[in-house]
Amino acid sequence: MLQQTLHRLEGLSELSPIVVCNEQHRFLVAEQLRQLGIESPSIVLEPEGRNTAPAIALAAIEAVGREKDSTLLVLPADHFIKDVAALQTAVHNALSVADTGRLITFGLIPSRPETGYGYIRCGSTISDAIKELAEFVEKPDPSTAAAYVTSGDYVWNSGMFMLGAQAYLDALKIFEPSMYEACEKAHQNTSSDLDFKRVDSDAFEKSPSRSIDYAVIERIENIQVIPYLGDWSDVGAWDAVASLANRD
């Protein structure tokens with residue numbers, strides 16, 4: 001699935017992957033990248049999991065170190081996406097407005113009244129492909145989920161984002177200063193080991209453990225939603241695996 005995630009970027013120009021993973025997975029990740037022919041990859045190692053907000057902070061610091069005006073495309077590696085062309089269309093639409101400083105989240109058109117996903121209520125239409133984000137909604141009960149799908153105003157929260165690396169770090173300084181400080185100190189004391197960048201464990205473990213949604217996304221204004229129109233599955237449970245695999 002890590003390889004599939006990286007394959008989705010093929011054909012998109014000026015992309016340089018930064019993989020953030022647990023230190024215990026480093027050789028597995030490096031081998032997967034080697035099989036794809038990715039030379040001199042950037043693999044940032046977390047000494048301990050702290051959820052998505054600190055992980056993305058490490059990637060943002062790494063990206064700003066390369067180029068101050070870097071834009072991050074955040075893709076979790078546990079997603080199954082069949083229609084790569086549809087995703088790349090959504091990414092191109094996001095790139096067209098990313099330089100305005102807006103944070104963009106990719107919403108998924110719901111195919112059923114799912115109670116296991118968070119939802120986003122879309123606001124006013126900016127263009128055919130872009131909407132304002134009105135509010136985040138927690139996982140609903142079945143009747144509420146059915147009402148969301150019927151209304152046509154809601155999309156699933158995919159966990160995929162496009163954001164300015166420095167803008168994300170600036171938001172962390174405001175909303176999660178202790179997280180920003182921990183990640184900044186951890187990255188300042190990075191040691192290089194082959195293709196791996198090992199951040200300072202003592203500093204990083206002082207970071208709060210929070211998702212990007214709670215830490216930043218739900219607390220800032222001017223977020224835009226770009227719907228992804230293709231098939232999608234968050235492969236986070238065995239029933240999801242069963243729906244995608246051949247069964248005997």
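User: Let us begin with helix packing. How do H3 and H6 cross, and how far apart are the axes?

Analyst: In this predicted model, the axes of helix H3 (residues 52-66) and helix H6 (residues 165-175) come within 9 Å and cross at roughly 130°. The crossing in which H3 passes H6 is left-handed.

User: Which residues make that contact?

Analyst: H3 contributes Ala-53, Ile-56, Ala-57, Ala-60, Ile-61, Ala-63 and Val-64, while H6 contributes Ala-165, Gln-166, Tyr-168, Leu-169 and Leu-172. By class, 11 of the residues in the contact of H3 with H6 are nonpolar, one is polar and none is charged.

User: And H3 with H7, at what angle do they pack?

Analyst: H3 and helix H7 (residues 177-188) pack at about 50°, and their axes are 10 Å apart. That makes H3 oblique to H7. The crossing of H3 and H7 is right-handed.

User: Which residues meet there, and how do they divide by class?

Analyst: From H3, the residues are Ala-53, Pro-54, Ala-57, Leu-58, Ile-61 and Glu-62; they meet Met-179, Cys-183, Glu-184 and His-187 in H7. The contact of H3 with H7 has seven nonpolar, one polar and two charged residues.

User: Staying with H3, is Gly-65 buried or exposed?

Analyst: Gly-65, which is found in helix H3, is exposed, with a relative accessible area of 67%. Gly-65 and Asn-51 are 14 residues apart in sequence, and their C-alpha atoms are 22 Å apart in space.

User: Where is Asn-51, and what is its phi?

Analyst: Asn-51 lies in the loop between strand S2 (42-46) and H3. Although Asn-51 is not a glycine, its phi is positive, at about 75°. For context, most residues other than glycine have a negative phi. Asn-51 is partly exposed, with a relative accessible area of 41%.

User: What about Leu-194?

Analyst: Leu-194 also is not a glycine and has a positive phi, of about 60°. Its place is in the loop between strand S9 (191-193) and strand S10 (196-198). Leu-194 is exposed, with a relative accessible area of 76%.

User: Now the sheet. What is the order of the strands?

Analyst: The sheet is open and has four strands in the order S1-S2-S10-S9, with mixed pairing. Strand S1 (18-22) and S9 stand at the edges with a single partner strand each, so one side of each has no neighbour in the sheet. On average, neighbouring strands of this sheet are turned by 30° against each other, direction ignored.

User: How many bridges join S1 to S2?

Analyst: Five bridges join S1 to S2, and the two strands run parallel. Val-19 stands opposite Ile-43 in S2.

User: Which strands does H2 lie across?

Analyst: Helix H2 (residues 26-35) lies across S1, S2 and S10, and runs at about 150° to S1.

Terms used. Residues numbered from 1 in each chain as written. Predicted model: local features only at pLDDT ≥ 70, side-chain atom pairs only at ≥ 80, totals over all residues. Heavy atoms only, no water. Axes fitted to C-alpha atoms, helices over the stretch in contact; angles between N-to-C directions. Left-handed = near helix turned anticlockwise from the far one by under 90°. Contact = heavy atoms within 4.5 Å. Nonpolar A, V, L, I, M, F, W, Y, C, P; charged D, E, K, R; others polar. Buried < 20%, exposed > 50% of the residue type's maximum accessible area, 1.4 Å probe, protein only. Pairing = 2+ DSSP bridges. Parallel < 35°, antiparallel > 145°, perpendicular 65-115°, else oblique.
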